[in-house]
Each structure stands twice: as structure tokens, then as C-alpha cells.
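Hello,

Please find the structure below.

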Amino acid sequence: MTHTYNVTGITCGSCEKKVTDALKALPDVKNISIDRQNNAVTIEMSKHIATETLQVALQAYPKYQLTEQISAPVVPVFAEEETRSWLATYRPLILVFGYITVVSVLTGTVNGVWNVWEAMRLFMAGFFLVFSFFKLLDLTGFADSYSMYDIVAKKIRAWGYIYPFVELALGVAFLTNFQPILVNGITFLVMTVSIIGVLQSVLNKRKIKCACLGAVFNLPMSTVTIIEDLLMIGMSLLMLYTMR
């Protein structure tokens, strides 16, 4: 069962982590999603937990006050997205992909001749550099969101802090064409592991935040995220195939 509560005092990624860790320490709490913008926390639990028990769990942090919502007990984390069009919701992601695509197409030339493989390499470089940039703008916020669904970050929280730097390193490696076989192999491995948690969340219809653009944009997890990861997996496989 899932219930949503009002919570005040959460102003940053560090606050989200404190509240999440405190509530997750309770038995029967399966998952927690925090909507900082709307001062709400959604708790997925295996059986009902009294509001008083949740409040006691936060007693160590008097800054954060949790209360029941007056309205219906279950509120989707991305309820505001349901009133927006698909284009409006994913406009940031579309713009990012659009800029990267245009730049890679315009610069993907070798000896004055446009080369699809060169354009693909530059696209992958742009993808990782831009996406790591947005993640690093709020590293803690990204780590909090990522740990909600990634199979590695769920068990090893430090991975959420390391992952943006892995993307940054991959972006630089693709840009400089460093050890292409090794780099494409690592890309395939990293993105394949990443997509597992995405698939689980989408197939289970969990209303959680996608961390693809870090904590800067409030993007919901959806099939768009799956397509994004599959695109990078497919490109890395194609690049490896041409290097045989």
C-alpha cells in the first residue's frame, strides 16, 4: 500500500536524504519518494504504519514535520504531470537530445566527408558530457533519486555519487577517441546495468522521478527513459561491431 503525507522543512537534497534514511529505518517501509516542490512524501509500505510512528522516526530532526494529508491518502508523485502534455513534460529532454544531435551531425566529418560513425561517436560524447553536467549540478539530489530505482545504487549508495563521474569520463573518452573498444565495452556494461532498474520501475508502473537529467528537471520515469538507455546500448554495440 502507498500513502502520501505532508512534510515541511525539506529544502535540499541533504534534507531529502535525512528524511528518507530516517523513514526507511522503519520495518515495513519498502520505498520512499519525496516531492520537495509540493512538500510531500509518498511512502510505499508492506502494511499500514501509523502516522504517529512515522513522526517518531523523524524526532531526531525537529525541522521536518510530517502530517497526514486531508485529501485522499494516495497521491501520485507526478500528479502535476498528468495535466501536462507529453511534449511539455519532456521538452527539456527533447531539447538536450536535439542540441547534441545537431552538433554531432554538423561536426561528424572526416577529411571533409561526413561520416556516420564519427557523428555517432560525437553524439555519445555529447550525451555523456551534457547528462553528467546536469547530474553534477546537484550531486546529492541525483544520488537520492537514483537510489530509488537503480539496482546498484539501491545497495551501494556511493554508486549514485560515482555514476556522474563515470559518465563524465566516458564523455571525455568518446570526445578524444580514447581506447574506443574498451570505452564502448564499458558503455555497454554500464548502460545495460542501468536499464534494469528503469525497466523494473516502468513495468511496475511506479510513479517516481527519473534521474537522467539529475535533480534539475522533474521528469517522470517512463518508456522515454528506456528508449534513451537503449539508444546508448545500441550505439555502443554498433561501434563495437564495426571495430571487429
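**Helices and their packing**

Helix α4 covers residues 116-137, which is 22 residues. From its first C-alpha to its last, α4 reaches 32 Å, close to the 32 Å expected at 1.5 Å a residue. (That expected span is 1.5 Å times one less than the number of residues; helices are DSSP runs of H or I, at least four residues, numbered from the N terminus.)

The model is predicted: local features need pLDDT of at least 70, side-chain atom pairs count only at pLDDT 80 or more, and totals for chains, interfaces and linings use all residues. Residues are numbered from 1 along each chain as its sequence is written, and side-chain values use heavy atoms, with hydrogens and water left out.

Asn-115 caps the N-terminal end of α4. One of its side-chain oxygens lies 2.8 Å from the backbone nitrogen of Trp-117.

Now the neighbour of α4. Helix α3 (residues 86-107) packs against α4 at an angle of about 145 degrees, with the axes 8 Å apart. (Axes are lines fitted to C-alpha atoms over the stretch in contact, and angles run from 0 to 180 degrees between N-to-C directions.) Among the α3 residues that meet α4 are Leu-93, Phe-97 and Ile-100. On the α4 side, they include Leu-122, Gly-126 and Phe-127. (Contact means heavy atoms within 4.5 Å.) This contact has 11 nonpolar residues, 4 polar and no charged.

A second pair is α7 (residues 158-176) and α8 (residues 180-203). They pack at about 150 degrees, with axes 11 Å apart. Tyr-163 and Phe-174 are among the α7 residues in the contact, and Val-190 and Met-191 among those of α8. Here the residues divide into 9 nonpolar, 3 polar and no charged.

**Salt bridges**

How many salt bridges are there? The count is 6. (The rule: a side-chain nitrogen of Lys or Arg within 4 Å of a carboxyl oxygen of Asp or Glu.) One of them joins Asp-21 and Lys-17, with the closest N and O atoms 2.6 Å apart. Both residues lie in helix α1 (residues 13-24), 4 residues apart, about one turn of the helix.

Best wishes

Note on methods: Helices (H or I, at least four residues) and strands (E, at least two) are DSSP runs, numbered from the N terminus. Ala, Val, Leu, Ile, Met, Phe, Trp, Tyr, Cys and Pro count as nonpolar, Asp, Glu, Lys and Arg as charged, and the others, Gly among them, as polar. A polar contact is a pair of N or O atoms within 3.5 Å; within protein, one must be able to donate a hydrogen and the other to accept it, and residues adjacent in sequence count only if both atoms are side-chain atoms.
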